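Please open the structure in your viewer and keep the selection tool at hand. The tour moves from one residue to its surroundings.

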Amino acid sequence: MTLIEKISTVVLVVLENRSFDHMLGHLRYEGLMPALDGLEKDLSKYNNPYKGGEYVPFQAHDRQLKSDLPHEWKFVDTQLAWSSVRQQFDMTGFVRAYAEFTKTDPEQQADPMGFFTSDKVPITSFLARHFCVCEHWHSPLPASTQPNRTMAFCGASEIFDTPSEPRLIHCNDILFDWLERANVRWRVYHDGLSFFSLYPRAWKYLLGENFRDFEHYFLDMETEPLDSGPQVIIVEPSYEDGPHIGPDHPNDNHPPLAIGWGEDFLRRVYQAATVNPLRWRNTLLVHYYDEHGGFFDHVPPPLIGYTTGGNPAHMFKSLGVRIPAIVASPYIEPGFVCTELFDHTSVLQLLAELFTPGKAYSVEVEQRGQQGIRSLSVLVGDKPQTDVPSVPADPIPIEGVLGRGVRLRPTNGLQASFELAASKLIAAHPVEVGQKYPLLVHWKAAVEAERRRIG
């Protein structure tokens, strides 16, 4: 069978800012997948020293953290802790970076060193054990959200940071352009304002029929004909840094958010992907994170560099920190641990092999493959599994606040960029936005009214 005969639908789910050890290290620690390169029982071997103290990984509770964790490129440099003597990354600077970011001396159980046991991440753990864990999937760049998501959906990046001031992201080409040229049917389901709103190049798509509210996802997957439904699906959470109003619950797992909301979101994504057995038979569900978000991981990234294309350009000498990545499909061997090297461009390599066989996604993505970053196609086996594992239905305890109101002022650069994108989108296309995203118009009015009230 050819690849396209096995996989006709690809579903992508990218959440925010968690590391591999933080979310999946428990699989080895608890003996669930002993061969996995996760956390060993002797946690002292992962010591992060700071001011004479020793900080080791600990079992964390799911709770709202005190603050976000540092994950901008300068802090990532500190976290990786390059040793000029050993000519390698020691992965011992996570607590130091956190202390410099918060300007405090961390508690003994410092937030960057926490990891979740299986009972705290029941859906993530379930998918890992029943499908495939990619234990060497790194973010493309040792940097923050915006450049890594740009690499994921453009295959190249002109930017290297997420600045404190608002910014819209320029790109010469984006995944939707490529899909259109390749005559591939596609769709985005979003549970809040799409991250693609930050890319003016994507606005024409954002206002079109291919972007749908997440609430349509389950029914579409259940009832839409296979020969006319989307071949590539991106399912987006409600982003913590995006605009919110009323009872909307961020569920992207971006710190300081508790992860219960994200676990429930992931459960609903899997339920919808598997609701139609005929569609699921040829589906590949790829769940990964944009970057590590400042959380500890013990595996050094490979020395595969990248120079961004903007002005100024920035040269990175390695991939980013390892991130949680799980691939689910009937064509995946249950409980498989893949040791191949992946980053987000591995998805783009797969799409090209599926839909434009013999022709690379782009020159830049082809170069990533030449540097040793593999395509996800290496995971696809020959014999499909006939059973569909039932996802746990147990309640997930969630820490949150209902109706928290509008955010008066952005507190970081990504929040400011989301607000800038929303405001410019409304100004440029008031009628279309009012019809397609009425809650966004409501949010804008509420923010402006609150700011007038405060003065």
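Begin by selecting Tyr 217. Beyond its neighbours within four places in sequence, Tyr 217 is in contact (heavy atoms within 4.5 Å) with Val 11, Tyr 189, Ile 233, Val 235, Arg 268, Val 269, Ala 272 and Ala 273.

This is a predicted model, in which local features need pLDDT of at least 70 and side-chain atom pairs count only at pLDDT 80 or more, while totals for chains, interfaces and linings use all residues. Residues are numbered from 1 along each chain as its sequence is written, and side-chain values use heavy atoms, without hydrogens and water.

Now select H13, residues 345-355, which lies across strands E1 (9-15), E11 (232-236) and E12 (283-289) and runs at about 170 degrees to E1. Helices (H or I, at least four residues) and strands (E, at least two) are DSSP runs, numbered from the N terminus. Axes are lines fitted to C-alpha atoms, for helices over the stretch in contact, and angles run from 0 to 180 degrees between N-to-C directions.

Finally, display the sheet. Its 8 strands follow the order E10-E9-E11-E1-E12-E15-E8-E16, with mixed pairing; two strands pair if DSSP finds at least two bridges between them. At the edges are E10 (211-213) and E16 (336-338).
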